[in-house]
Amino acid sequence: LGLDMEELEEIEEDAGLGNGGLGRLAACFLDSMATLGLAAYGYGIRYEYGIFNQKIRDGWQVEEADDWLRHGNPWEKARPEYMLPVHFYGRLEQTATGTKWVDTQVVLALPYDTPVPGYMNNTVNTMRLWSARAPNDFNLRDFNVGDYIQAVLDRNLAENISRVLYPNDNFFEGKELRLKQEYFVVAATLQDIIRRFKASKFGSTDSVRTVFDSFPDQVAIQLNDTHPAMAIPELMRIFVDIEKLPWNKAWDITKQTFAYTNHTVLPEALERWPVDLVEKLLPRHLQIIYEINQRHLDHIAFLFPNNVDRLRRMSLIEEGGTKRINMAHLCIVGSHAVNGVAKIHSEIVKTQVFKDFAELEPEKFQNKTNGITPRRWLLLCNPGLAELIAEKIGEDYVRDLSQLTKLQEFVDDDLFIREVAKVKQENKVKFAQYLEKEYKVKINPSSMFDVHVKRIHEYKRQLMNCLHIVTMYNRIRRDPAKLFVPRTVIIGGKAAPGYHMAKMIIKLINAVAQVVNNDPVVGNKLKVIFLENYRVSLAEKVIPATDLSEQISTAGTEASGTGNMKFMLNGALTIGTMDGANVEMAEEAGEENLFIFGMRVEDVTELDRAGYKAQEYYDRLPELKQAIDQIRSGFFSPKEPDLFKDVVNMLFHHDRFKVFADYEAYVRCQEKVSELYLNSKAWTKMVIRNIAAAGKFSSDRTIKEYARDIWHVEPSDLKIPPPNEPRDAAEDKTPNGTAA
């Protein structure tokens, strides 16, 4: 048709239906589950508006609605024949046959199916996203005699449920609409799962067993964080109220069905829903949660008599002030397996955050280190590197990333070293051209591309990176003749619209960039770019072009991270703390092949015990003092000298993430980075060692572990026959797995 494929791909909108790592992890998991031949479904909400588009105006973040469906979505297929009702509000009636939930408001859940193809195995799974629709008699059946027009306009109230994604990452905002969204996806999905179960041969009644005895053998449900936690009381409601199962049997089946993945230890991110809100919206579910809690606490009291403090700590209900439901506690009690997403995170989950629960049932707690799909994060985004690897070790590594270890043999191969460096250089030139075309900024492709892209959050410490930029700037100005390894520092990411400090951090980075990029003394040595509207499609461009990956969260705060893995696989070196999956990356590649710096978890704990005093670092480190004084005095905001007083005040008086404590080690480590970068061959050899060690971080490995340890299904690498091949001829090749 005379169309350029790349140009066409550029036109397609991102489906920005998640906030950051959590949503992207789910997408990688879907790719791996299909590639491993698992009969798995991904369920979620079809938001009309996804994560906002970020514009930078005068250095500030401005949000715009992400109208991603404006031109239609060719990949989805609406399935009105599977539409299901979801109930809200109402009241409870006690009857002879049990509790009835009556006088509810009904919203319909309309499913849209998107195909998820496995890699070259003729498997296609389904992602099913629910959209909210008002029933046709909405507001017309009751009291509402005359105002037909208003009744039709009010349909929006019901349909608002799937209107927009809440843009908070690692932060809980207890809004009624958000709770409606959480219950909406859960209620629709569980009805769908049960409908499918009953339609299968397993759902048929056997005289010996009740219909649902085989349910946990046929169905596994993985809770991606606590956001779908209402699934636990909802499944209990279906079993007890509708299917008339006895409580104990229902609870046993429920526990065997669910497993819970924890994704954060930050207290402000933990979901704690006010009891009053749940009582208004979902009265029956609150009753069921109380019953679950009563039985749970009776059990604890039996095991630990007279230990009221332990009962208080382990309760699903938090007393004091407004009563709240601790959703993580509900998930732990209602699941047969609980896991963290990196070794260090799973340890913290077991020994600190949920210590009481882990002491009770240590066998329930597991680790499943996160991974990324090598199809998107190598083949698709970095064809040059993928091809180069295939030339050396064959193409099988795409499905078995552990084969990357074979690259160790070529770490001293001069030709291979040159080719790896050449691919990186080409990617950098291409990205520089993209930046010039789209944003009219010129950067030097021979400089080191130092990249820090992720959601803007205090714990991720973009501020520490900023202080390093100011320090480099001051060093260049102090001694312009001295050799300086040229850098382009690229920082990108979105701040939650209500997160004041994160928005100030973006403004500060842009203010520093304004000064640094226009100082003639600095020239080409240092450039600072804030990358606008960071999203998956932009990650696919910047990651292959990166030399240095910034993974600098305070030890013990980043559960895993997955961007770290993407950079490693694409030939960047990592500067990072011993946090999240960085720990395992260093374990796989050898700590000497990463730039590891700063406090470990033990040091942070010790510093908390002793008391963190930011002032002492400021007084002791002249370069830190200079940088902070410049920010405070308005050197970077001459028109508004006290613009950044909030930021500086936070750093001195309530910095939970201890930026000053790691500053000196960070700057020193960055000097080592620059020194190595001068020796292109030594740098590239370290890159090759990193790529060769990246195999563990495939989401295929992660999913195999979930399948074997939690879902009890066997992955299959069999290629099912294509539809044009006669079925019976290939019958013996068909894998028989149960659904996850």
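1. Met120 sits in the loop that connects β8 (105–117) and β9 (124–133). This is a predicted model, and in it the phi of Met120 is near 55°, a positive value in a residue that is not glycine. Most residues other than glycine have a negative phi. Met120 has a relative accessible area of 54% and therefore counts as exposed, the cut-off being over 50%.

2. Lys440 also calls for a check of its backbone. Its phi is positive, about 55°, although Lys440 is not a glycine. The residue belongs to the loop between α17 and β17 (448–453). With a relative accessible area of 67%, Lys440 is exposed.

3. Helix α16 itself covers residues 383–393. Its buried residues are Leu385, Ala386, Leu388, Ile389, Ala390 and Ile393. The elements that cover these residues include α15 (374–380), α17, α21 and α28 (680–692).

4. Helix α21 (residues 563–569) holds Lys566. In an unreviewed entry, UniProt lists Lys566 under "modified residue: N6-(pyridoxal phosphate)lysine". Is Lys566 buried or exposed? Its relative accessibility is 7%, and because the cut-off for buried is under 20%, Lys566 counts as buried. Leaving out residues up to four places away in sequence, Lys566 touches Arg24, Ile372, Trp377 and Ile543.

5. The second largest pocket contains about 790 Å³ of space. Its lining is made up of 29 residues, and those nearest the centre of the pocket are Gly59, Asn510, Ala511, Ala513 and Gln514. Two or more lining residues come from each of α17 (414–439), α19 (500–517) and β19 (526–531). Helix α19 supplies the largest share of the lining, 7 residues.

6. What is the make-up of the lining of the second largest pocket by class? It has 15 nonpolar, 6 polar and 8 charged residues. As for domains, at least three lining residues are drawn from domain 1 (5–367) and at least three from domain 2 (383–596 + 663–697).

Definitions and conventions
Residues are numbered from 1 along each chain as its sequence is written. This is a predicted model: local features need pLDDT of at least 70, side-chain atom pairs count only at pLDDT 80 or more; totals for chains, interfaces and linings use all residues. Side-chain values use heavy atoms; hydrogens and water are left out. On a 1 Å grid over the protein atoms alone, a cavity is a set of points where a 1.4 Å probe fits but cannot get out, and a pocket is an open set with protein on both sides within 12 Å along at least five of seven lines; lining residues have an atom within 4 Å of a point. Grid points are joined across faces, edges and corners, and a volume is the space filled by probe spheres set on the points. Helices (H or I, at least four residues) and strands (E, at least two) are DSSP runs, numbered from the N terminus. Ala, Val, Leu, Ile, Met, Phe, Trp, Tyr, Cys and Pro count as nonpolar, Asp, Glu, Lys and Arg as charged, and the others, Gly among them, as polar. Domain bounds come from an automatic or database domain assignment. UniProt positions are given in the numbering used here, feature names are shortened, and annotations may be inferred rather than shown by experiment. Buried means under 20% relative accessible area, exposed over 50%, partly exposed in between (1.4 Å probe, protein chains only). Contact means heavy atoms within 4.5 Å.
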